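The sequence and structure come first, and the notes follow by topic.

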Amino acid sequence: MIARRLQTIRLLDPSVALYLIAVGLVGFAIDGGVFSVLFNLYLVRLGYGPETIGLVVAAGQLVFAAFSLPAGVLGERWGARRMLVAGMAIMVAGCALAALADLVPPAARVPWLIANCVVLYLGLALFFVCGAPFIMALVADSQRSAIFGAQTAVLALAAFAGSLVGGFLPQALGAALGLTPDHPAAFRAGLLVAALALAPAAALVFAVRPGRATVEAE
């Protein structure tokens, strides 16, 4: 059965490969990868405790849940591909701006962090909600279970790689910048790496042309 699934994946349109690479970049950079490893540690280096960290992260999760239904409406109205590109661009902006919190005056840091965490999760909601209808338009009915399985596997493997890389980034970037690994700027640099790694994902999805579903395999 696994061999049959792999054969099905090999028959998919090359556009699907672009989408899977974009999914991998999301996993590597944001969803379980570099950002997930470094963001809370960055907040600790800024001097915040569990209460503030919980508030910042909870604000993002709440917006993710609340915006998921409107994200589906936007996908229907403006097109899943367009909303995917917008979501990935929004994630890049949210991640990059959140990483600059140590450059913001202390009194404005918590609102800054909450606002940009909200922006990040708005983009993530667009990605998850609009991803399914987008990929369904690219594949035949008999290939959908295979592509959803492949998408989940790619996301998990990329998050695994991003977690490993994220653990080494503060020390490596801190050394390159002449900083100690515990300095907030070392974590800021790591989070900016996550934003840069995610940036090509929007271009990859933009390059995919929908409406080219692969014909049924014999």
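H7 and H8 are roughly perpendicular to each other, because their packing angle is about 115 degrees and the range from 65 to 115 degrees counts as roughly perpendicular. The model is a predicted one. Its protein chain has eight helices and zero strands.

**Overall fold**

- Along the sequence, the protein chain reads α-α-α-α-α-α-α-α.
- The protein chain has 218 residues, of which 44% count as buried.
- Of the contacts in the protein chain between residues at least 6 apart in sequence, 83% link residues at least 24 apart.

**H7 against H8**

- The axes of H7 and H8 lie 8 Å apart, and the crossing of H7 with H8 is right-handed.
- H7 contributes Leu169, Pro170, Leu173, Gly174 and Leu177 to the contact, while H8 contributes Ala186, Phe187, Ala189, Gly190 and Val193.
- Sorted by class, this contact of H7 with H8 holds eight nonpolar residues, two polar ones and no charged ones.
- H7 spans residues 144–177, and H8 spans residues 184–207.

**H2 against H8**

- Helix H2 (residues 14–29) also packs with H8, at an angle of about 160 degrees and with the axes 8 Å apart.
- H2 is therefore roughly antiparallel to H8, since angles over 145 degrees count as such.
- H2 and H8 cross in a left-handed sense.
- On the H2 side the contact involves Leu18, Ile21, Ala22, Leu25, Val26, Phe28 and Ala29. On the H8 side these residues meet Ala194, Ala197, Leu198, Pro200, Ala201, Leu204, Val205 and Ala207.
- The contact of H2 with H8 comprises 15 nonpolar residues, with no polar and no charged residues.

**H3 against H4**

- The axes of H3 and helix H4 (residues 50–78) come within 10 Å and cross at roughly 140 degrees.
- H3 is therefore oblique to H4. The crossing of H3 and H4 is right-handed.
- Phe39, Asn40, Leu43 and Val44 of H3 make the contact with Ile53, Val56 and Val57 of H4.
- By class, the residues in the contact of H3 with H4 are six nonpolar, one polar and no charged.

**Asn40**

- Asn40 sits in helix H3 (residues 34–45).
- At a relative accessible area of 34%, Asn40 is partly exposed, because the value falls between the 20% limit for buried and the 50% limit for exposed.
- Apart from neighbours within four places in sequence, Asn40 is in contact with Ile53 and Val57.
- Asn40 and Val57 are 17 residues apart in sequence, and their C-alpha atoms are 8.6 Å apart in space.

**Asp102**

- Asp102 is found in the loop between helix H5 (80–98) and helix H6 (106–136).
- Asp102 counts as buried because its relative accessibility is 15%, and the limit for buried is under 20%.
- A polar contact of 2.6 Å joins the side chain of Asp102 to the side chain of Tyr42.
- With residues up to four places away in sequence set aside, Asp102 touches Tyr42, Leu46, Arg109, Pro184, Ala185 and Arg188.

**Met83**

- Met83 belongs to helix H5 and is buried, its relative accessible area being 11%.
- Residues touched by Met83, other than those up to four places away in sequence, are Leu74, Gly75, Trp78, Leu126 and Cys130.
- From Met83 to Gly123 the separation is 40 residues in sequence and 9.0 Å in space, C-alpha to C-alpha.

**Gln151**

- Gln151 is a residue of helix H7.
- The side chain of Gln151 forms a polar contact with the side chain of Tyr19, at 2.8 Å.
- Beyond its neighbours within four places in sequence, Gln151 is in contact with Tyr19, Leu20, Val23 and Ile135.

Notes. Residues numbered from 1 in each chain as written. Predicted model: local features only at pLDDT ≥ 70, side-chain atom pairs only at ≥ 80, totals over all residues. Heavy atoms only, no water. Helix = DSSP H or I, 4+ residues; strand = E, 2+ residues; numbered from the N terminus. Buried < 20%, exposed > 50% of the residue type's maximum accessible area, 1.4 Å probe, protein only. Polar contact = N/O pair within 3.5 Å; in protein donor to acceptor, adjacent residues only side chain to side chain. Contact = heavy atoms within 4.5 Å. Axes fitted to C-alpha atoms, helices over the stretch in contact; angles between N-to-C directions. Parallel < 35°, antiparallel > 145°, perpendicular 65-115°, else oblique. Left-handed = near helix turned anticlockwise from the far one by under 90°. Nonpolar A, V, L, I, M, F, W, Y, C, P; charged D, E, K, R; others polar.
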